[in-house]
Amino acid sequence: MELRIGKTRFAISVAFFVVLILFLLLDHSGLAVLCLVGMLLHECGHLAAGWLMGVTYSAIRFTPFGIRMQRPENTGVSYGKELFISAAGCLINVLTALICFTRFEHGPGLNFGAVNAALGIFNLLPIQGLDGGSMLRIILLLCCPPQRAEAIVQGLSILLLIGLAIASMHLKSLPLVLLTAYLTAILLCHRII
């Protein structure tokens, strides 16, 4: 499904809806809605940061592995602005978590804080396709050619995924196995797209 708002094209894949419905149906803890709101805040953080930096988006695609925001070619965004935009989603999650932790002692407010803390920290992982991988690439671009920066981030991503796979097998942890599979899919999706 596609629609256009102004100059931005929004594309939502059927697979996105399938994953979303499965996520909601399989949740017995009541945290799925809190996770979705936290994810929405995260992505709005990126959009708001881009808007503050004068960035326009040509397309926003909703995929089973996240939301991809594409800018027109040759936008001339500096590394500093790029770093701010990449960090903004995690920053929003961490700030939301801090507010929740200081305002709530228990219940859904505290759970929402924990979800946002987890989302912010998770997205800081230096894995290609996550915000941490994007931030590491930007920092490396200050001292390396683009091909070398990409190779370093990809190599580190693969090493971290191997470590997670070994840990998940050793601990016999299904959530860790699923997390490793998800991060591997993100890495593969990032390489294909």
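**View 1. Helix α7 carries L179.** This close-up comes from a predicted model. L179 and L141 are 38 residues apart along the chain. Their C-alpha atoms are separated by 28 Å.

**View 2. K172 sits in the loop between α6 and α7.** Helix α6 covers residues 146-171. Helix α7 covers residues 174-192. The backbone at K172 has a positive phi of about 50 degrees, although K172 is not a glycine. K172 counts as exposed, because its relative accessibility is 74% and the exposed class begins over 50%.

**View 3. An aromatic pair joins F122 and Y182.** The structure holds 3 aromatic pairs. One of them is formed by F122 and Y182, and this pair is tilted. The ring centres are 6.4 Å apart. The planes make an angle of 35 degrees. Why is the pair called tilted? Planes under 30 degrees apart would count as stacked and planes over 60 as edge-to-face, so an angle in between is tilted. F122 lies in helix α4 (residues 108-123), while Y182 lies in helix α7. The pair therefore ties together parts that are 60 residues apart in sequence. Y182 is partly exposed, at 31% relative accessibility.

**View 4. Ring pairs link F16, F17 and F62 into a cluster.** Start with the aromatic pairs again: there are 3 in the structure. F16 and F17 form one that is edge-to-face. Their centres are 5.8 Å apart, with 70 degrees between the planes. F17 is partly exposed, with a relative accessible area of 36%. F62 belongs to strand β3 and is buried.

**View 5. A nonpolar patch lies on the surface.** Ten names make up the patch: M1, L3, I5, V14, F17, V18, I21, L22, L25 and L26. Together they have about 1000 Å² of accessible area. Which elements each supply at least two residues of the patch? They are β1 (2-5) and α1 (14-26). The largest share comes from α1, with 7 residues. L3 belongs to strand β1. L3 is partly exposed, at 38% relative accessible area. F17 has 36%. Patch residues must have over 30%, so these two values pass that test.

**View 6. Four strands form an open sheet.** Their order is β1-β2-β3-β4, and the pairing is mixed. Strands β1 and β4 (66-70) stand at the edges. Each has a single partner strand, so one side of each is left without a neighbour in the sheet. Neighbouring strands are turned by 15 degrees against each other on average, direction ignored. What holds strands side by side? Strands of a sheet pair through backbone hydrogen bonds, either parallel or antiparallel.

**View 7. β1 and β2 form a hairpin.** The two strands pair in the antiparallel sense over 4 bridges. I5 has T8 in β2 as its bridge partner. The hairpin has 2 residues between the strands. G6 takes a positive phi near 65 degrees there.

**View 8. β3 has a partner strand on either side.** With β2 (residues 8-12), β3 (residues 59-63) pairs in the parallel sense over 4 bridges. R9 has A59 as its bridge partner. I12 stands opposite F62. With β4, the pairing of β3 is antiparallel, over 5 bridges. T63 stands opposite G66 in β4. These two strands also form a hairpin, with 2 residues between them.

**View 9. The side chains of β3 point two ways.** In a regular strand the side chains alternate between the two faces of the sheet. Which residues of β3 point one way, and which the other? A59, R61 and T63 point one way, while I60 and F62 point the other way. Strand β3 is mostly covered, with 5 of its 5 residues buried.

Technical notes: Residues numbered from 1 in each chain as written. Predicted model: local features only at pLDDT ≥ 70, side-chain atom pairs only at ≥ 80, totals over all residues. Heavy atoms only, no water. Phe/Tyr/Trp six-rings, centres within 6.5 Å; stacked < 30°, edge-to-face > 60°. Buried < 20%, exposed > 50% of the residue type's maximum accessible area, 1.4 Å probe, protein only. Patch = residues over 30% accessible without salt bridge, like charges linked within 9 Å, V, L, I, M, F, W, Y side chains within 5 Å. Areas by Shrake-Rupley, 256 points an atom, 1.4 Å probe, with all protein chains shown as cover. Salt bridge = Lys/Arg side-chain N within 4 Å of Asp/Glu carboxyl O. Pairing = 2+ DSSP bridges. Axes fitted to C-alpha atoms, helices over the stretch in contact; angles between N-to-C directions.
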